[in-house]
Amino acid sequence: MNVDPLVHQAWPAYEQRSHDGWVLRSAGGVTKRANSVLALNAPTDLDAAIGAAEAFYGERGQSCAFSVGRGTWPGLDAELARRGYELNDPTVVMAGSRSAGSCRRATRRASSAWRRCRGPGGAGSRVRCCAP
């Protein structure tokens, strides 16, 4: 499943510009998701599209960043690496089906199973899990 367009629609950047199948997004530099190129389709001219993206973010004093997800057209990641772009802040997307009984009711108190899976670092731990 390609969740990139869904996330984009649900949490849009306040400034967006379409360019040759891409969406250039800016939100003042707060999050990378809202301050990155969403490359939905292969552009007609890759060099021009990357140049337009770099100019867009340069005009705003931001570094040019690309959101490269499962739905990104093949070849973009390799081309960006060839140009010196580096992988930064990878995101893990997890999805599952909604089946009967899969939803849990939210409660005011954390369950003991949830507290156990918070990890040794407490609230700042990078370990997260979902327990039944």
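A residue counts as buried when its relative accessible area is under 20%. By that cut-off, helix α2 has five residues to look at: Ala49, Ile50, Ala53, Phe56 and Tyr57 are buried. The model is predicted.

**Helix α2**

- Helix α2 runs over residues 46–59.
- At 1.5 Å a residue, its 14 residues should span 20 Å, and the end C-alpha atoms are 20 Å apart, so expectation and model agree.
- Ala49, Ile50, Ala53, Phe56 and Tyr57 are the buried residues of α2. They cover an arc of only 120° around the axis, so they sit on the same side of the helix.
- The cover over these buried residues includes β1, β2, β3, β4 and α3.
- Asp47 and Glu59 are exposed, and they lie on the face of α2 turned away from its buried side.
- For Glu59 the relative accessible area is 58%, so this residue passes the 50% cut-off for exposed.

**Aromatic pairs**

- A pair of aromatic rings is described by the distance of the centres and the angle of the planes.
- The model has three aromatic pairs.
- In one of them, Trp22 and Phe66 have ring centres 5.5 Å apart and planes at 85°, so the pair is edge-to-face.
- Trp22 belongs to strand β2 (residues 22–26) and Phe66 to strand β4 (residues 66–67), so this pair ties together parts that are 44 residues apart in sequence.
- Both Trp22 and Phe66 are buried.
- Phe66 also pairs with Tyr85: the centres are 5.5 Å apart and the planes stand at 80°, so this pair is edge-to-face.
- Tyr85 lies in the loop between α3 (76–82) and α4 (112–116), and Phe66 in β4, so the pair ties together parts that are 19 residues apart in sequence.
- Phe66 has a relative accessible area of 14%, which makes Phe66 buried. Tyr85 has 21%, so Tyr85 counts as partly exposed.
- Through these ring pairs, Trp22, Phe66 and Tyr85 form a cluster.

**Arg60 and its partners**

- Arg60 lies over the face of Phe56, at 3.7 Å from the ring centre. Phe56 is one of the buried residues of α2.
- Arg60 also meets Glu15 in a salt bridge, at 2.5 Å from N to O.
- Glu15 is in strand β1 (residues 15–19) and Arg60 in the loop between α2 and β4, so the pair ties together parts that are 45 residues apart in sequence.
- Glu59 forms a salt bridge with Arg60 as well, with the closest N and O atoms 3.3 Å apart.
- Arg60 is partly exposed, with a relative accessible area of 25%. Glu15 is partly exposed too, at 27% relative accessibility.

**Other salt bridges**

- Side chains of opposite charge can pair when their charged atoms come close.
- The structure holds six salt bridges.
- Lys32 and Asp89 form one, and their closest N and O atoms are 2.7 Å apart.
- This pair links distant parts of the chain, 57 residues apart: Lys32 is in the loop between β2 and β3 (37–39), and Asp89 in the loop between α3 and α4.
- Lys32 is partly exposed at 44% relative accessibility, and Asp89 is partly exposed at 49%.
- Asp47 is one of the exposed residues on α2.

Conventions
Residues numbered from 1 in each chain as written. Predicted model: local features only at pLDDT ≥ 70, side-chain atom pairs only at ≥ 80, totals over all residues. Heavy atoms only, no water. Phe/Tyr/Trp six-rings, centres within 6.5 Å; stacked < 30°, edge-to-face > 60°. Helix = DSSP H or I, 4+ residues; strand = E, 2+ residues; numbered from the N terminus. Buried < 20%, exposed > 50% of the residue type's maximum accessible area, 1.4 Å probe, protein only. Lys NZ or Arg CZ within 6 Å of the ring centre and 35° of its normal. Salt bridge = Lys/Arg side-chain N within 4 Å of Asp/Glu carboxyl O. Expected span 1.5 Å × (residues − 1). Arc of directions from axis to C-beta. Contact = heavy atoms within 4.5 Å.
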